[in-house]
Amino acid sequence: MDESAAIAQLKQGDISGLETLVRQHYFQAVRTAYLITHNVAQAEDVVQTAFLRVYERIQQFDSLRPFASWFSRIVVNDAIKAATRQSLHEVGLADEIQAEMSSDELEPQTWLEQLETRQEVWQALSQLSPMQRAAIVCRYYLELSEAETAERLECAPGTVKAHLHIARRRLRVLLYDLQPAPATHPKPGKLNGGVR
Amino acid sequence: MNEPKPQPRTPLGRILDEQARLGVPDNFDPWPLVFNRLQGVNSDSKVEQSSALTQIPTVAARPAKIKVWRRPILVGLGIAALLAIFLVAISALLLTNRPDNKVANIPTITPTSQAALAQTAQILTPVASSTGASSSSPVATSNIEATLGPIPPNCPPTPQPQELSSIFGPGVGSYPLWLISDGRVGLNGDKQTQYGYLQKALWEVEPSFTGTVTVRGTNLSDGTPLYFQAGGATPTMTMLLDTNNPGTPTGAPWKGWPSYIYATKAGCYVIEAQWTGGSSKLNLEVGAEPTTPTTPVATSIPPTIVAPSPSVIGGVGLNVQPNSFTGQGKLAFVSQGQLYALDGATNQYHQLTKTGETSGQFAWSGNGQWLAYVISDTQTSRISLRISHSDGSNSNQIPGCSEFAWSHVGQWLACSGQGGLWLSAADSSSLRQFTASGGFAWSPVMAELAVAHLTKDNGLGILTPDGKTRLLVNVNTGAPLWSPDGKTIAYTTNLTASGGPANAEHIFTIGEAGGEAKQQFVTNSKDSLQLLDWWPNSKGLLFQLDPQGSASIAADGLAVQSLELNKPAATPQTLVQNLVHPSWLSWSPDGNKFVAVEGSGRELWRNKWLLICDLLANDCKKVPQAANTVSLEPAWSPDGTQIAFVRADAPINYAGGDAAFAAWSNTRALWIVDAYASNVHLVASQFSGVQTPIWSHDGKHLLCGRTNGGYNNGLWLADVGADDGKQNFAARFVAGPLGANQNNLFGFYGYINWVGLLSWYS
C-alpha cells in the first residue's frame, strides 16, 4: 500500500493505514529521535507517542503535503522536548550567541574531515544542547537544507544558522578536548558559558 | 523519513548514521509496539496482532497505563517473557502427558533489546499449539464442504445461555470457561478459508480462575476438528488461554479472548476444555449463519428501557430492532466493520458494503433519498465513493474519491481524491471531473462549490455542476467557509503579501462574485488559525488560534475567538477559553446563541462544563453543575428551548485502568438544560452510558449511543417529548454493536468520533 492510500485509509478510521505508516517510518524516526535524545527508550517513546498523535490528528493533515515532513517535525520537536526535560546543563541560545560573539573566529568545516571515531563524536554530541543536536541531526543526518531544518525546528532560518554555528564550534572544542592534545595543533578557543 | 535512507554524504552524517543503526536496529516489526500503545495494553500482556485486528478503527487506551506503568514494564519485559516461556513449558508438559497429543515447538528467543523483549512477549502470549501435528501452524484438511450446510436441528442439547456480566452478552459453558453465544455458531458460508468457514467468538474465563485453559473442538460424528484463532495467531486445533495474558482488557474482572472459530463442515461439535485439576465439555451446533433478514419480525415497542435480545454470537453479532426506529427517517451505521442502512418507513435494513469492504465515512443527501459512502477494499486498499439508495439500489461509484460533501441546494455531490475533484448528480445523471484540489464547501444558498485550489496548486475559486469555473483570488488558501447569506467566503492563508510577521496566518474574506480580498486578521508569527463558523448574520467570524501551530496545545483545547468583520479597530473577543472538539459547539436554531463545552485538557473525564453564549450580546453563561462532574456533548433542540447533554462523574481513577474507565462510562447520563442555563435536570437515572445525543427534527426523540467502555454498545432511541407540561421518557434499543469487529469505540482520551459510525436523516 502506498503512503497516500494509507493516509486515506487512516482518515476513514481504518487503522491498517497507520500500520503501513508505522512500518514505513518507524525506524528512521526512532533513529532521528535517538540522535537527539541519546536514549533509545526515550526515542521509542517519542516516536510511538508521535504515531498516537498521528492517529488522533490525521484529519488535520493536509493530504497534499508530504507525510514524512509533517511527521518528522513532530518527532524532532518532541525529541527536543524530551531531551530538554532531562538536560541538566541547558544553556539559553541568547547566552550562547553572546558568548559566541566574544569568542575567536574559527575556520569553516574542514575539521569535520578529521573526525576519526564514532565514539568520540557521540560523546561530544552528548555535550550539546538538545536544540543544537537537533540542528546537527537535521542538517547532517537527515541532510535537510537550512530552510527545511528551520521548518522542522519551528524556528527562523537565522536561528538555525546560529544553532549550527555554535554547535559546530562546540563540537570542535569538545573533540579537541576529548582527544589527547596533539602537540602540533593549536587548541581552538572555548566558549564562555559552555556546557562543560 | 522514508526507508531506506541513503547513506549521508558528509563524514559527520555518516558517523551519525552508523551510531543510529547501532543504537536502533531494525530487525523487528514495530507495528505491535504502536498497536499496543493504542490499545493501552502493555507490551508484555498483549497478543501478536493480525491483519484482522488491524481493521479496528478505534481502539481504547488509558493514558495512565502508558504513562505510569510503561517504563517499569519495559524494564520487566524480560521477566515477563521468561515467565511466559515457563507457563508455556508447563502447559506443554501437561499436553505431552496425554498420549494423543503433541505440543508445538516453541521457538527459542533470546531477547536482545527492549523491542525484542516486547516482541517476544507478544509472540508467546497467548500461545495456540497444535495437536496431532508437528507444526505449530497446521494446514486444515481439504475436506471443506463446498456449500456449507445449515445448523443441524438434531444435535445433543446445548445448555441455556446464562447472564454472566453486564459487559458482554449471555454465554454457554461452565466454570471456568464460557463461550459468549447461545450455543449455536453460525458460520459465514460466503467466506471459505484453508481452515474452513469462520465466525467470531468471544471466550471468557471467570474472574476467580487463574492459569491456562486448553480448548479443543471436534465433530461428534467423525472427529473433524475445529480450528481456533485467538488474537491473530495462526489458526490451530488447540487454543491455550492464559489468564495472565487475556486477549482484551474489556470485561474485567473477567478475562476475555476475541477469536475466530473455523469449521470445515456443519455439524454437531463438542468443545473440550482442560485446565490443571479439571475439564469440561460443551456441545455446540455449527452451520451456515442465517442470512440477514430484510423484513425482520415485528416486535412491540416497549414503554420503558428495553435491552436488546441476544444474537447468534451474543455480545458480538449484529442486532437490529427495526420497529424501534419506525417513522424516524433513515439511519446508516457501521457494525462489525460493515455499513448498514435502516429505513424507518419500511422497517427494512440492508448491508451496503460487501465482504472485504469497509466504510467509515458516509452521509445522507439533503432529501434523504441517497446515501454516499466512501468504501475501502481491504485487499487492494483502493478507495472509492459509492452512492445508492438505502436498500443499495441504483448504486453508482466514483473511483479514487475519499472526501465528499452533499450540496445544500439540489442533490449534488462533490468529492475529491486521486483523480481531482468531481461534481456528480445524486442519481449520477451528470458527472464532471475538475483538476481542482484542496478543501471545498458548498454555498448555503445555491449550487456553487468553493474550492481552495481551483488549479492544481493555487487559486480559491468557484465550480458549478454545469462545468463553469471562476477564479476568485490566486493564492494558496485553506478550506473556504461560506457566510450564511452565501455572499462572502472566508479563508486563511499564510502569504505575507499583505504584511504581517513571517509565517503568520491571515484571515481574508472575499465576495462570492470576486473583487477585492479583505484582510480581517493576522496572527503573530508561527500561530495558526482554524475557522469555526460565521456569525448567523454574516457580519462576523468565530475562529480558533493555535499558538505556534502546536498539535499538543490544540489537543488540550483552543480558545474560541469572535471577530466582527470590516471594522478596522475590531479585535477578537474570547468567548470560550478552551474548546477541545469543534463538534462540542452546538448552535441555537435562530443562530443567535451557541452552547459549547469549556475546559482545558484532552481527557473527557476532567475539567469540562457547558457555556451558553449569546453571540450578539457578546456574553456567556456557565451552566451550573455539581462538583466532581463533567458535562459533555451538548445538542440544542430544534425548537430552541432546551439543550440535551451528557453529564458524568469526574475525575476517573487512573490507577483503575479499563475497569475504572468502564465504571466511569456507566456514570454518563442524559441531562437537559433550558436555553437560559437556569433549569438543569437529569432525564433518567437508569439510562446510563449515554453518548452524544442527537435530536430528531421534531424534537420529540433523541438518538443516543450507549456503551460501558467495552464493545458492548449500541444505538438507542429515547422519547423525550413533553405532554401537558410533563416530560415523558422511554428508550429502546435500535442497533448495535457499532464499529468494527470487537471494537472498543473509545479513542485515546475517551472521545468517540460518531461521524464515522452513524448518519441520521430525520
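Reader: Which residue of β50(B) stands opposite Ala332(B)?

Author: Ser759(B) in β50(B) stands opposite Ala332(B). Before we go on, this is a predicted model, where local features need pLDDT of at least 70, side-chain atom pairs count only at pLDDT 80 or more, and totals for chains, interfaces and linings use all residues. Residues are numbered from 1 along each chain as its sequence is written, while chains are lettered from A and ligands numbered from 1 in the order in which they are written.

Reader: How do you know that β13 and β50(B) of chain B pair?

Author: Two strands pair if DSSP finds at least two bridges between them. Strand β13 (residues 330-335) of chain B and β50(B) have four bridges, in the antiparallel sense, so they meet that definition. Strands here are DSSP runs of E with at least two residues, helices are runs of H or I with at least four, and both are numbered from the N terminus.

Reader: What makes β15 and β50 of chain B edge strands?

Author: The sheet is open, with four strands in the order β15-β14-β13-β50 (chain B) and antiparallel pairing. β15 (348-351) and β50 (758-761) of chain B each have a single partner strand, so one side of each has no neighbour in the sheet. Neighbouring strands are turned by 15° against each other on average, direction ignored.

Reader: Why are α2(A) and α1(B) called roughly perpendicular?

Author: The axes of helix α2 (residues 16-37) of chain A and helix α1 (residues 11-23) of chain B cross at roughly 110° and come within 9 Å. Axes are lines fitted to C-alpha atoms, for helices over the stretch in contact, with angles from 0 to 180 degrees between N-to-C directions. Angles of 65 to 115 degrees count as roughly perpendicular, under 35 as roughly parallel, over 145 as roughly antiparallel and the rest as oblique. α2(A) and α1(B) are therefore roughly perpendicular. Arg31(A), Tyr34(A) and Leu35(A) of α2(A) make the contact with Leu16(B), Ala20(B) and Gly23(B) of α1(B) (two residues are in contact if their C-beta atoms, placed from the backbone, lie within 7 Å).

Reader: What makes the phi of Asn347(B) worth a look?

Author: Most residues other than glycine have a negative phi, and most peptide bonds are trans. Phi of Asn347(B) is positive, near 60°, and Asn628(B) has a positive phi of about 60°. As for peptide bonds, the one from Tyr175(B) to Pro176(B) is cis, with omega near -5°. Another cis bond joins Gly736(B) and Pro737(B), with omega about -5°; Pro737(B) lies in the loop between β49 (730-736) and β50 of chain B.
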